[in-house]
Amino acid sequence: MEIEVKGSTEPYQILLEPYAVIIPGEIFVCTTTRRQFKMWNHSKTFIFFQWEKLKSSCHRIEVEPPTGRIEENECFDFDLIFFGGKPEKLQTNLICNIEHHHQPVTLPVEVSFKGPTVTLNVPSVDFGLVRLGDPTHKSVELTNTTQLEAFWTLMEKVEPQEGQVTQISVEPCCGMLPPLASCSVDVIFRPQFCKQFKSELELEVENGQGCHLWIQADVQSPQVCLLNCKLTFTEIYLEVPKSASVMLFNQTALPAKFSWASQLHGKHSSFCSASFVPDSGVIEPNASLEVTVEFTSHADVELTEVAALCEVEGMNLPLLLGIAASNPKKLRVSYSLPSDGSLLSDPCASALVLDFGDDVMLKRPVTRQMLITNQTAIAALFVMEVEHFSVSNTEPEQRCSRVRTKLQTIKAEKLEANTQEEFVSQLLADGRGAAFRVVPDSGLLGPFETQTVAVTAFADMWGEYSDNLICKVGDLEAEVIPLRMAVGGCPLYFQVTGPRTDDQFQGPIIRFGTHIPGGDTVSRPLRINNPSSYDIRLDWETYNIDKDDHKLVDVVLAFGDPFPLKDADVGKKMERLFERNVQTMLRSDRTSCTTAAQEDDDNQEEDCSKKKLVSVHIRPHMGKLSDYPFCITPQQIVIPAKSGATIHVSFTPLTPSESATDSRCSGLALGFMSLDSETAACVPGKVRRAQGLELQPVRMDLQAAVKPAALLVEMQEEEEEALQFEASAGDLLKVGPHKELVVGEFDVTRTFRLRNPSEVAVRFRMETRPPFSVFKSKQKVWSSSSTSAGTLVLQPRDTMQVKVAFHSTVHLINQTEEKIPPDTEKGLQKLTFKQDLLIHHSNNSLQTVPLCAHLLLSTLSLSTDRLSFGVCYVGETKSREITLSCRGSHTYWMSTSDSRDAHVFKVTPDFGLLRPKELHGSCSSKQHLQISFTPSEDREFRAVLRIQAPLVKTPLTLELRGTGTLDEKSGCVSELSPVSI
C-alpha cells in the first residue's frame, strides 16, 4: 500500500559568523593558535553538524567541537585550531557536513606560517688589509629573534675546488639557538694569495629564515726599500760616534717590522762599529722612517768597504746599506783666559799665565778663571793639579736650608761664616802660607766643549808666590801654566780689635787720656796674635808728631840688616854664612853636570841667601823718632806661630817744667816685621817674602794729654775752714758684761768731698798722723809720716767722699796732758788737736786740708774738803751729807779709803755715774753722798776719803774726823756740819 504524502519544505538556513577566517600576519610554526567563530541555525528545525579535519604532512587545522546539534534559531561557538609544520602561506576550506543537507557548509581559511628567524649583527665582514700568511679573524653575533628554537648552519656558499685549501672557516659553523638567544662565532681568514679576496657565507635556519654574510679582504705582503743606500762620513774623530740618517720607505699598506743587524759586514768592518736608532721597529703603511746611524771609527785608516744589513719581516732578502768614512782626526785642546782670545796651543800666542795681581790681601780669596776648549768631538778626561801649593778639593759643609725667622737667619749667617773660616783654615793647615784650589780639578771635557776652570788663591802670609798648574787632558802631553801672586797684608792682629779684612796694618788707636804733669808712667798691655804658621819678629819704633813739622819724606840708610836680631849668637851666624859660601863654591864646580833648570834653581837660592850690605829707603815722613813720652817694651819681640805675645805701650806725662799749661801729645808706633827662619823668608822658585823696611809696618796711633792737677775740697758746712771733730772723754768708759768698768777707745768720724773739676784723672795719696786717720773702702787706713795710704784715682768730673776719723784713747789723754795743759773755757777743760791732712799728687805737688779736734774732759768737785762728826756715843751712828759735782764729760766715780780708821766711816753710794744734762757739759751733774760715822770705842777717829774717776788724773780728798765716847755728858757735843755747796 502506498501512501503519498505531499508537503512543502525549506532548505536549512545556516550562517557562519564570520563567514571566513583570515589570520593577519604570520603564525610561528609548531605552535597552536586558536580563533573563535559562530554558526547560526536559522532553519525550522535543529541540525546535526560534523566538521572535517585538514591534515597534511606539515599542517593541521581542526574545529572544536567537531560534532554536535544546534537547535533552531540558535548559535554555537567553535574554536578553530591552527598548527603549522613549515613556513608558508595556507589557503583552504574547512568542510562541515550537515545531516540531511546535501551541500556541506564551507569555511574559507587563510593563514601564513612563519619559522624561526636568526639574524646577524653585521651585513658583511671586511678584514681590510691582511698580511700574507697571517691568519686573522673577526667575531660575528647570531641572534634568534623568535620564540622558537633555531637550528642554524653558517658556511661558505661556494665550495672550494678539488685540491684547493679553503681560506674561510667558521667556528662554530652550526648549532641551536634557544628562543631569543644570541651567540658569537669567529670567522677566520687564512690568506694564501696576494689579491683582493671576496666570498659569501650563507646562514641556513632549519624551518626558518636565514641570510647571507659577505666577506672581503685585501691580502698583501711587506715591501720596504732604502731611499739612500750609501752613507759617507767626513770630519770624523777617533773613537767618537758620528751621526747620519737614512730613510726606510714602506711601499705597501701594511706595517713593516724591521731589525738592523748588530754586526757590520765587509773588509773594514773590524775597524769600526755602528749603532742604529731605532735598531728595530715598525714602519707604518706607505710611510717613511728616519733611522739615525752612529758610526764610530776605531782605527786611523780610511774605511771604504763596510756594509750594514736591515732585515724586514716578510721579505726574502735583507736591505743593504753601504758605509764609507775618511781618516779620523785626533784630540786637540787649547787653553785661554776669558778676557784674552789667545790660545796656549797657538805657537804665535804669548805664554799663558794666571796672574792673581800684586795687591792680593791676606784672608781675602781671589779667583781667576781659565778656559779649556776641546777643538774636537773627542770627549776626554782632564785632571788639574797645582805643583807646590796644592790642596785637597773638598767642599765646605752645607747646611740644610729651610724657612727661618730673622733671628735664625742671623745665626745661620754667623754659622756659615764660621764654617767658611774653618774651611779656609783647613786649606792652609799645611803651613806654607798660601794655597791654590782648582774647581773643578777633574772631569770630562765634552766634544767641542769649553770648560771654565776657577783657580782660587788663599793666603795667610804675605809674599811673592809662584807655582805651576799642571793640566792633563786625555792622552795628550801635560801643559804647565804658571801661577803668579803677590800677597800683601799683615797676618798679625791685636786682641782688642780682632782680625781685619781692610787696613790690616792699622792697629788700634791708644788713647792714654789726660794726665797731670810729672805723673806716673801709664802702661797699656796689648795682646798681639799670630794665626800664621811662622814666627814673626816685630821691631818697634815710636815717633812724636809735631804739627809744626813740615818735613815730607824720610830717607832711611841702613848698613846690613836694618833690624838685627838682638842677643844673637854671632859665631853661629858666621858658621852658617861660611857653610853657605862653601856650598855655593861646590855648586859652581859642577857646571858640566848641571842642567839649565838646576842652574835657575841655584840662582834663585843664591838670591834668597844674598844679603844687602847697604840699603836706602825713601818713605813718607813719620815724625821724630823718640821713646819719650811714648814707649813700647819690649822694642823687639817674636810673636810665636799659632800663638800670641804681649807688648806694653807706655806714656810718661811731661814734667811740670815741660808743660806749664794744657798740652796734647800725639805719636805713632811702627812695628817692622821680619822672619828669622830662612825657609819662611824664601823658598827658591816658589815664594819670597819681604822683611823689615821693605814691608809696610804695623801702625798704632798714640794720643795723650797733660793738664795740671787740682782738687776742690767741699766741707759739709760752707763756712767751715777746717774739718772739726767734737769728742767726749767719757765715751772711753763702758760697763762690761759683769758690770765691771772697762776703759776702751772710740772714733769720731767726719766726711768731706774731693771733686775733680778737670778732664784728667788725678792720682793722689792722702797722709795723716795720729790721732787722725783716713777711712778707705770700708777699711781704716792709718797714715803717718812713715806709712801712707795707697794711691787713689779720681776720674774727671767725678767726686770722692773722704772719711776722716779722730781716734781717742786713755793713753792719748794722758800723753797730751803731760805735754800740753788742757784749755779752760767757761770752767770746762778740753784738749785741742790741730793737724793737716796732706794730699800728695802723683806729680809731687802737695795739697792740705786742716783738721781740728776738741776732746772734752771731766771736772769733779766736792761741796767741802773736810767733815767732822764731833763726839758720838760708841755704837751710835751719825750721818752727814755732802755733794759731788761733775762738769764736762760724763764719768764714773768711786770712793776709797785706806786709813786705819776707815771702817767707822761709811759712804752711800760709794760709786756711780755722773752725766751732765746738756751737750758739751756746760751744766754740772750732782750726786748727794751720805756719809755715816759709827764709833767703835772711846777715842778720836780720823780718815781720808778719796773719790777717784778713771779719766781724772788727780782724785778728790775728803778729811773725816769723829770722836767716840762713853760719857753721856759729852754725847751732845758736836761740830756743826758744813753746808753743802
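Strand 44 (553-559) and strand 45 (614-620) each supply at least two residues of a nonpolar surface patch, strands being DSSP runs (E, at least two residues) numbered from the N terminus. The patch, of about 1,000 Å², is made by Leu 552, Val 553, Val 555, Leu 557, Phe 559, Leu 613, Val 614, Val 616 and Ile 618, and strand 44 gives the most to it, with 4 residues. Patches comprise residues with over 30% relative accessible area and no salt bridge, nonpolar side chains (Val, Leu, Ile, Met, Phe, Trp, Tyr) being joined within 5 Å and like charges within 9 Å; a salt bridge is a side-chain nitrogen of Lys or Arg within 4 Å of a carboxyl oxygen of Asp or Glu. Accessible areas come from the Shrake-Rupley method with a 1.4 Å probe, and for residues only the protein chains shown count as cover. Val 616, placed in strand 45, is exposed, with a relative accessible area of 55%, where exposed means over 50%, buried under 20% and partly exposed in between.

The model is predicted, with local features needing pLDDT of at least 70 and side-chain atom pairs counting only at pLDDT 80 or more, whereas totals for chains, interfaces and linings use all residues. Residues are numbered from 1 along each chain as its sequence is written, and side-chain values use heavy atoms, with hydrogens and water left out.

A negative surface patch is formed by Asp 355, Asp 358, Asp 359 and Glu 464; Asp and Glu count as negative and Lys and Arg as positive, while His and the chain ends are not counted, and the place of a charge is taken as CG of Asp, CD of Glu, NZ of Lys or CZ of Arg.

An open sheet of 5 strands shows antiparallel pairing in the order 1-4-9-7-6, two strands being paired if DSSP finds at least two bridges between them. Its edge strands, strand 1 (14-17) and strand 6 (54-55), each pair on one side only. Strand 4 (residues 32-41) and strand 9 (residues 74-83) are antiparallel over 10 bridges, and Thr 33 has Phe 82 in strand 9 as its bridge partner.

Strand 74 (residues 940-948) has a covered face of Phe 941, Ala 943, Leu 945 and Ile 947. This strand is joined antiparallel to strand 70 (residues 891-896) by 3 bridges and to strand 75 (residues 956-965) by 8 bridges.

How values were computed
Buried < 20%, exposed > 50% of the residue type's maximum accessible area, 1.4 Å probe, protein only.
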